[in-house]
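Thanks for coming. I have one structure to go through today, so please look at the screen.

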Amino acid sequence: MTLFYLLLGLGLFSATFSFLYQRDAVLVNYVSLAALSAILLLSLTLPFFMDQGIVLTIPVSSFSRNQLSLVFQYDDLTWVMLCLIGFVSLLIQNYSVRYLLSDNTQARFIGQISLLTTAVMLLVMSGNLFTAFVGWQLVGFCLYLLLNHYHYDPRANKAAKKKFIINRI
């Protein structure tokens, strides 16, 4: 069960670290690439540590006789998707580090990519509709942040607002 927390925690750590240390883009790049590499390695070795069909339930709130909870599940499809997410996000991160080499906002972009990776992993590991809804909303918010990365450009701002509204419908 702690591997679920570790997978999500590494992505959140990478995003938080990049937002806190925006001045040192090289350090942020190394930490983020190390965290994404660890996510990929953990995803690849997950079948050796966990049995199939594991479900983790975290109660959020209860009202009357109903209980609202976050449910994470692990099966073969989850494993394949986590490996794919880890590999693709590592490639995107590696490319964006080189592409945004002279950009002042590189660390913020790396943090937004790390946050998006964590949100997509949450969506993939969801075991009920509420968890999938939370993951989908986080993915939509992260895509809004990425589209609005150059917020001073009116076209980027308009595209981000359009994406945010379309995601709500």
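This is a predicted model: local features need pLDDT of at least 70, side-chain atom pairs count only at pLDDT 80 or more; totals for chains, interfaces and linings use all residues.

First, the overall layout. The protein has six helices and two strands. Reading from the N terminus, the order is α-α-β-β-α-α-α-α. Along the principal axes, the C-alpha atoms occupy a box of roughly 50 × 40 × 25 Å. Of the 169 residues, 41% count as buried. As for contacts between residues at least 6 apart in sequence, 64% of them join residues at least 24 apart.

Is methionine 125 buried or exposed? Its relative accessible area is 0%, and the cut-off for buried is under 20%, so methionine 125 is buried. Its C-alpha lies 9.0 Å from the C-alpha of methionine 81, a residue 44 positions away in sequence.

Next, the strands. Serine 69 sits in β2, which covers residues 66-74. Its relative accessibility is 10%, so serine 69 counts as buried too. Setting aside neighbours within four places in sequence, serine 69 is in contact with Thr57, Ile58, Pro59 and Val60, and also with Asn128, Phe130 and Thr131.

Now helix α3, where we find leucine 90. Beyond its neighbours within four places, leucine 90 contacts Leu33, Leu36, Ser37 and Leu40. Between the C-alpha atoms of leucine 90 and isoleucine 113 there are 9.9 Å, with 23 residues separating the pair along the chain.

A word on cysteines, for anyone planning to ask. How many disulfides does the structure hold? The count is zero. Cysteine 83 has a relative accessible area of 11%, which means that cysteine 83 is buried. Cysteine 142 is at 2% relative accessibility, so cysteine 142 is buried as well.

Now to the pocket. Rolling a probe the size of a water molecule over the atoms is how empty space shows up. In this model, the largest pocket contains about 170 Å³ of space. Which residues line the largest pocket? They are Ser96, Tyr99, Leu100, Phe109, Leu146, Leu147, His149, Tyr150 and Ala156. By type, that lining has seven nonpolar residues, two polar ones and no charged ones. Helices α3, residues 76-99, and α5, residues 129-147, each contribute at least two residues to the lining.

Asparagine 148 lies in the loop between α5 and α6, the latter being residues 154-168. With a relative accessible area of 12%, asparagine 148 is buried. Not counting residues up to four places away in sequence, asparagine 148 touches Ala156, Asn157 and Ala160. Ala156 is also one of the residues lining the largest pocket.

To recap: six helices and two strands, zero disulfides, and a largest pocket whose lining includes no charged residues. That is what I had; I will take questions now.

Notes: Residues are numbered from 1 along each chain as its sequence is written. Side-chain values use heavy atoms; hydrogens and water are left out. On a 1 Å grid over the protein atoms alone, a cavity is a set of points where a 1.4 Å probe fits but cannot get out, and a pocket is an open set with protein on both sides within 12 Å along at least five of seven lines; lining residues have an atom within 4 Å of a point. Grid points are joined across faces, edges and corners, and a volume is the space filled by probe spheres set on the points. Helices (H or I, at least four residues) and strands (E, at least two) are DSSP runs, numbered from the N terminus. Ala, Val, Leu, Ile, Met, Phe, Trp, Tyr, Cys and Pro count as nonpolar, Asp, Glu, Lys and Arg as charged, and the others, Gly among them, as polar. A disulfide is a pair of cysteine sulfur atoms within 2.5 Å. Buried means under 20% relative accessible area, exposed over 50%, partly exposed in between (1.4 Å probe, protein chains only). Contact means heavy atoms within 4.5 Å.
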